[in-house]
Amino acid sequence: WLVENGAPTPVCDAVWTELEFPAHGALAAASAYREKAEWLERNGSGFGDATVQRLLAAASRYEDLAIRLLTGLEAFMDTSEFLFRRSPLFNNHHLISFAHAVKCKEFVAQAFYNSAVDILWSTPAPFVGFAFDRDLARRQHHVVAVPYWQLGRYLFKQSRLPLRDICSVPRIKAFTHALSRLVFMLVYTYFVLCAESLWLWFLLSVLLFVWGVSLSLVEILQYQAKGSFGEYINFWNMLDIGLLLTLLVAVLGGWTLVPLELASPYSVHVAHALNLLPCYVRFLQVFEVSEYFGTLLFTIFGMAQDTSNFLVLLGIISLGFSCSLTAILYRSPELRSDRGVGWGFWAIFGEVELEPATQDHGAALATYASFLRYMHLLTCNVLVGNLLIAMLNDTYGANKESSKREWAFNRVDAVLEFSSPEAHSLPPPLDLWVSVQALRGA
């Protein structure tokens, strides 16, 4: 409230020093200053760049205060326990979830924060009972940090944790849920490409429907846990909503609309086929927990954003050339309609076969049409194509370091997701009954 109403910095500092949870307060102040700066910048309220920069500097100052507070505590105590203290004043958040929720990325990038996240990632539930056991040897025994390829050998050890505790470890849940998502994707692919006999089609459609219902219930539980649609929605959840809705509607359509001849089998099949692409894209989230693949993934996302901006320029140039040349080379509207104007976009990959300019067009017009085709290929193939390559090279170099930071921030999102009660120990569809019970008890 003080930040939003422009209170002087000494007043904010005085209130901050009296807080019971000063680290939470510093991060909250940093977030409030950033949000106000973004609001002023977005709405152009006439305060000028100096005001925005002052607010951003204040945000960085408060975030740095939180970092220095935790760094100073490292000399006197285990900061992990301090980081996982929940504050009733800040919606019962601990610092791990709160720093991520208010997007304090500099705080999230600190070594003490990532050490605590690693503990959370490898410790069974309930986390507090296992992670803060006063017996140090027992605490270390609770951590399941074996590589994934050695899990089989670990399960046969007599000194291992009970299977129920192992399955509740966030990194193990991430592994089993990734396997479930992979099997779902392969079954769906086989259903679309190879299911010809009626009994096999029906059996796989029932399996996919149950799987889709199970995944949908998990999404509903996540939405309830977030409390609002704005906090719940992100790129991966939007993708989940789209592909699960399409899957369930298409399966139900195959069971009801096709027998009633209200829809053709081919239209239902096409819906499933189109749904495969978002299903494969959704599987990419599995790689967020890997530093190498996660960083690469965010670098690709940054390059894709630049490419989409580049395609706007390419579209205008290509459309101008193709509309002009189509009108010259094809005299009748029917021929122009058959040829269309979309061919201009493909010229970036090489020459496109067109109707040649003949003497019927006249010598001057034929020469002009040939010149236009030459300029079109020169612009798209040489100038624009090389510009795209150069731009992507620069984007890759510029985004490589920032992508590591983005990966570290989004990795925390994955850790918090799999350490939450909404991520069940059993993956979908094996957790269907657990999800139903959780919704009934909500």
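Predicted model: local features only at pLDDT ≥ 70, side-chain atom pairs only at ≥ 80, totals over all residues.

Reader: Let us turn to domains. What does the domain assignment give?

Author: The assignment gives domain 1 (3-114), domain 2 (123-167), domain 3 (171-285) and domain 4 (293-419). Such bounds come from an automatic or database domain assignment. The C-alpha centres of domain 1 and domain 2 lie 34 Å apart.

Reader: Which residues touch the most other members of the largest nonpolar core?

Author: L27, Y62, F107 and Y113 do, in a core of 48 residues. A nonpolar core is a set of buried Ala, Val, Leu, Ile, Met, Phe, Trp, Tyr and Cys residues joined through side-chain atoms within 4.5 Å. Helix α3 gives the most to this core, with ten residues. Helices (H or I, at least four residues) and strands (E, at least two) are DSSP runs, numbered from the N terminus.

Reader: Which domains does this core draw on?

Author: The core draws at least three residues from each of domain 1 (3-114) and domain 4 (293-419).

Reader: Which residues form the nonpolar patch on the surface?

Author: The patch is formed by F235, M238, Y292, F293, L296, I300, F301 and Y396, which together have about 790 Å² of accessible area. Accessible areas come from the Shrake-Rupley method with a 1.4 Å probe, and for residues only the protein chains shown count as cover. Patches are made of residues with over 30% relative accessible area and no salt bridge; like charges are joined within 9 Å, and nonpolar side chains (Val, Leu, Ile, Met, Phe, Trp, Tyr) within 5 Å.

Reader: Which element gives the most to that patch?

Author: Helix α17 does, with five residues. Y396, another member of the patch, lies in helix α19 (residues 363-419) and counts as partly exposed at 35% relative accessibility.

Reader: Now the charged pairs. How many salt bridges are there?

Author: The count comes to six salt bridges, a salt bridge being a side-chain nitrogen of Lys or Arg within 4 Å of a carboxyl oxygen of Asp or Glu. One of them joins E63 and R34, at 2.3 Å from N to O. E63 is in helix α3 and R34 in helix α2, 29 residues apart. E63 counts as buried, at 2% relative accessibility.

Reader: What is the partner of D118?

Author: D118 forms a salt bridge with R411, their closest N and O atoms being 2.5 Å apart. D118 lies in helix α7 and R411 in helix α19, so the pair ties together parts that are 293 residues apart in sequence. D118 is partly exposed at 37% relative accessibility, whereas R411 is buried at 9%.

Reader: Which residues are linked in a network of salt bridges?

Author: R181, D240 and R282 are linked in that way.

Reader: Finally, the backbone. Where is the cis peptide bond?

Author: The cis peptide bond joins P428 and P429, with omega about 5 degrees. P429 is in the loop between α19 and α20 (432-441).

Reader: What is the phi of N91?

Author: Phi of N91 is near 60 degrees, a positive value in a residue other than glycine. N91 lies in the loop between α4 and α5 and counts as exposed at 67% relative accessibility. E261 also has a positive phi of about 60 degrees, although E261 is not a glycine; E261 is exposed, with a relative accessible area of 71%.

Conventions. Residues numbered from 1 in each chain as written. Heavy atoms only, no water. Buried < 20%, exposed > 50% of the residue type's maximum accessible area, 1.4 Å probe, protein only.
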